[in-house]
Amino acid sequence: MRLEIKDLRVHYGKIEAIKGISVVVNQGEIVTLIGANGAGKTTTLKTISGLRKVSSGAILFDGQDISKVPAHERVDLGISQAPEGRGIFPGMTVLENLEMGKFNRKDRKSEMKEDLDRIYTLFPRLKERTAQAGGTLSGGEQQMLAIGRALMARPKVLLLDEPSMGLAPMMIANIFKIITTINTELGTTILLVEQNAQQALQRAHRAYVLETGKVVKEAKASDLLNDPDVRAAYLGTGAAAH
Amino acid sequence: MINIRDKGAEIWETWNRPKRVAFVLISIFFAGLLPFAADWGPTSFLNTPITSFQNVLVYPVGMFILMALGLNIVVGKSGLLDLGYVAFFAIGAYSQAILSTKFGWSTWEVLPVGIVIAMFSGMLLGLPALRLRGDYLAIITLGFGEIVRIIALNSKGTGGPNGVAGIPNPPAVFGFKFDLMHPEHYFWLVLGMILLVVWMIRRFTVRRPGRAWEAIRQDEDVAALMGVNTLVYKLWSFVIGAAVGGAAGVLYASKVMVISPDMFKFDVSVLILACVVFGGIGNIWGVILGAGILAYLPDRIRFISDARQVIFGLVLIIMMNLRPDGLLPRKKREKITEKSKK
Ligand SMILES: Nc1ncnc2c1ncn2[C@@H]1O[C@H](COP(=O)(O)OP(=O)(O)O)[C@@H](O)[C@H]1O
Ligand SMILES: [Mg+2]
């Protein structure tokens, strides 16, 4: 698996939201895309999963340009997304939500059970709430459901859009821990979009900093944690260092 | 307020198969007795003053129920606002009118063909329209409804503003006669169609299309992220809805024997949509009840002539305030509140 975004440009009408960015995600990595609100993180992920059209540039998945492939077929290729704001189906139960994650996989019953077991091991909370409507879950549980649902399709690369958004600190720590577990134990490659730069940089291998639709920095995550500019802009501790 | 639908579903869940089958058969039996309801002392208040009760049961009641069920597949199941549903009804009706008067086809021969023509037009409309969302889709479908009517109004083949007269009734089968003297036979025919549609919808709902429609209704983008080919499934709901509308149109034309373009105006689309919303969008039992009441009421209160439209409107307004989700709302957890969407 190798995901490569090349000189990507994306527009909303006349407004250019993504202004020629290049990002590489290699097999087994956690790569994070950090940036302030409105930097273009969500747009980038939506373009990778096919919800937004590419204006120019390419999205290479294992060397193939997939920028013309419709969104519903990209899941089958191995790209799954837990969207911003979780995007669970509020009116479906936890189990139905998870089953939706495998909509196109005509696996046998036993494989469905295997996948469910895998998700329930990762998120025991979901197992307790399997018959509960998604809309009645807490924010953290909804995030677990969104990630679990994305994993049901056995993705090669998992796209996470601000999984920490709106969660309590305890739950944030929990979710980030699970992100590492998914990467190490399931071997799933992860592209993580975050505003919580501190946590994201601690968990990721490499990182890109996005500002108003452009990549302004690209480095090993641990290096960015100590980068004075990044500290000042995203970690809220930089001022003291200057 | 108690939710009768949920209560009913709860009781149904506890029943075993023989109990369910018995219940269904008994319900169908009583539905079949409906044409005689007004002949019986205690329920004789059901009688309608101008048109006979039995004829009212066929049209508008039965036809409205059929159309509301069809529209509910589009609006209720997959959440697409179609404001031009009358188009498919018109296409079915004109198929029956033209094929029978010009080519001598019987209703039984026209029915499948009319359904296919309606489905094909649904596809023709859906392919471009379903790429759009929300308000745009509503406006395009509205336009389509008007275009179909205007074509009927202006072409020679459809008889222009005078429409088509002398449409034959369906030929008798197994001793059932579908003519003016036997409205109860006609009602049974429509009832059979309704049952068939209900059965079909229930089949779909528990299978993949039902899941896909539900996902699309709740969040179309996320549905696509799950691998749902949203365009194809939206198209299917459109085409199936069109098929039901077309079937209703064929039966309607064969019943009234004369059709003209002014029977297929925009207000029919709105009225059918009102039936769906009034009864309980997304829930077939609610839709049946809503359509039944809204179709029957104007004929029952016809004696107050002019004021009846006002009363009809008032009933709608009051009911929608009291029960905004309709008489029999869909399953509670299937409702999407703005809060849970966030
Ligand atoms: N649906 C939309 N229509 C128009 N502009 C949009 C839309 N969504 C996002 N944008 C704009 O695109 C830019 C990037 O937004 P987004 O990708 O959501 O940023 P982020 O996820 O980093 O907060 C912003 O300037 C935003 O205002
Ligand atoms: Mg965002």
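The model is predicted, so to speak of local features requires pLDDT of at least 70, side-chain atom pairs count only at pLDDT 80 or more, and totals for chains, interfaces and linings use all residues. Residues are numbered from 1 along each chain as written, chains are lettered from A and ligands numbered from 1 in written order, and side-chain values use heavy atoms, without hydrogens or water.

I begin with ligand 1. Its shell, meaning residues with a heavy atom within 4 Å, includes A:Tyr12, A:Ala17 and A:Lys41. Helix H1 of chain A, residues 41-49, gives the largest share, three residues; helices here are DSSP runs of H or I with at least four residues, and strands are runs of E with at least two, numbered from the N terminus.

Which side chains make polar contacts, that is, pairs of N or O atoms within 3.5 Å? A polar side-chain atom of A:Thr42 lies 2.7 Å from a ligand oxygen, one of A:Tyr12 lies 3.4 Å from a ligand nitrogen, and for A:Thr43 the distance to a ligand oxygen is 2.4 Å. Of the 560 Å² of accessible area that ligand 1 has on its own, the protein covers 59% (Shrake-Rupley method, 1.4 Å probe).

I turn to the cavities, sets of points on a 1 Å grid over the protein atoms alone where a 1.4 Å probe fits but cannot get out. There are three of 30 Å³ or more. Strand E6 (79-82) and helix H6 (139-152) of chain A each supply at least two lining residues.

Technical notes: On a 1 Å grid over the protein atoms alone, a cavity is a set of points where a 1.4 Å probe fits but cannot get out, and a pocket is an open set with protein on both sides within 12 Å along at least five of seven lines; lining residues have an atom within 4 Å of a point. Grid points are joined across faces, edges and corners, and a volume is the space filled by probe spheres set on the points. A polar contact is a pair of N or O atoms within 3.5 Å; within protein, one must be able to donate a hydrogen and the other to accept it, and residues adjacent in sequence count only if both atoms are side-chain atoms.
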